[in-house]
Amino acid sequence: MSDKFFYKGRQDARQHHTAYGGFQTNASQKSGSKKYPLTLVVTSEERKKEIEAQVTEAKLHATISVDTREGAVESVNELTAILNKTGTVTTAKSPSRNDACTCGSGLKFKKCCG
């Protein structure tokens, strides 16, 4: 019998890389939705009304609690992060060498403006 085949036993199945507490892969947990509302803390009733107006304007859902104790800290970081999120930035594609020139001369880009 050939000695190039050795029985090494059953190999363990590899664990998924996110099982060890890596990054959050559940993309369906959108904060600000009905199922996952924002948790906000404000220090006064007037501020609560302002924040409620911002939340309804942005079409979000939030649980807002008022903390009137002395030295209380306001926590609206989740809301500001969502409101300040920028959109996708797209740039115009520059013409390749053999495309017609954009100046309208009728020449190729490489012979005219390139």
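Ile51 is located in helix 1. In this predicted model, Ile51 counts as buried because its relative accessibility is 1%, and the cut-off for a buried residue is under 20%. The C-alpha atom of Ile51 is separated by 8.3 Å from that of Ile64, although 13 residues along the chain lie between the two positions in numbering.

## Overall architecture

The chain contains 2 helices and 2 strands. Along the sequence, these elements follow the pattern β-α-β-α. The loop between strand 2 and helix 2 contains Asp67, and Lys111 belongs to the segment after helix 2 (77-83).

Of the 114 residues in the chain, 11% are buried. Ile51, at 1% relative accessibility, is one of the residues that count as buried, and Asp67, at 17%, is another.

With a relative accessibility of 21%, Ser44 counts as partly exposed, because the buried class requires a value under 20%. A polar atom of the Ser44 side chain lies 3.3 Å from the backbone nitrogen of Arg47.

The C-alpha atoms of Ser44 and Glu74 are 9.4 Å from each other, while the two residues are 30 residues apart along the chain.

The structure holds 3 salt bridges. In general, side chains of opposite charge can pair when their charged atoms come close. One of these pairs is formed by the side chains of Glu50 and Arg47, with an N to O distance of 3.1 Å. Glu50 and Arg47 are 3 residues apart in helix 1, so about one helical turn separates them. Both partners are partly exposed: Glu50 has a relative accessible area of 44%, and Arg47 has one of 23%.

The side chain of Arg47 also meets that of Glu74 in a salt bridge, at 3.0 Å from N to O. Glu74 lies in the loop between strand 2 (62-66) and helix 2, whereas Arg47 is in helix 1, so this pair ties together parts that are 27 residues apart in sequence. Glu74 counts as partly exposed, at 29% relative accessibility.

## The Asp67 and Arg69 pair

Which residue meets Arg69 in a salt bridge? The partner is Asp67, and the N to O distance between the two side chains is 2.9 Å. Asp67 is buried, with a relative accessible area of 17%, whereas Arg69 is exposed, with 63%. Salt bridges with shared partners, for their part, join Arg47, Glu50 and Glu74 into one network.

Asp67 is situated in the loop between strand 2 and helix 2. The contact between the side chains of Asp67 and Arg69 is also a polar contact, at 2.9 Å.

Lys59 counts as exposed because its relative accessibility is 74%, and exposure requires a value over 50%.

## A positive surface patch

Which residues form the positive surface patch? The patch is made up of Arg97, Lys108, Lys110 and Lys111. Among these residues, Lys111 is located in the segment after helix 2. At 66% relative accessibility, Lys111 counts as exposed.

Technical notes. Residues numbered from 1 in each chain as written. Predicted model: local features only at pLDDT ≥ 70, side-chain atom pairs only at ≥ 80, totals over all residues. Heavy atoms only, no water. Buried < 20%, exposed > 50% of the residue type's maximum accessible area, 1.4 Å probe, protein only. Polar contact = N/O pair within 3.5 Å; in protein donor to acceptor, adjacent residues only side chain to side chain. Patch = residues over 30% accessible without salt bridge, like charges linked within 9 Å, V, L, I, M, F, W, Y side chains within 5 Å. Areas by Shrake-Rupley, 256 points an atom, 1.4 Å probe, with all protein chains shown as cover. Salt bridge = Lys/Arg side-chain N within 4 Å of Asp/Glu carboxyl O. Lys, Arg positive; Asp, Glu negative; His and termini not counted. Charge placed at Lys NZ, Arg CZ, Asp CG, Glu CD. Helix = DSSP H or I, 4+ residues; strand = E, 2+ residues; numbered from the N terminus.
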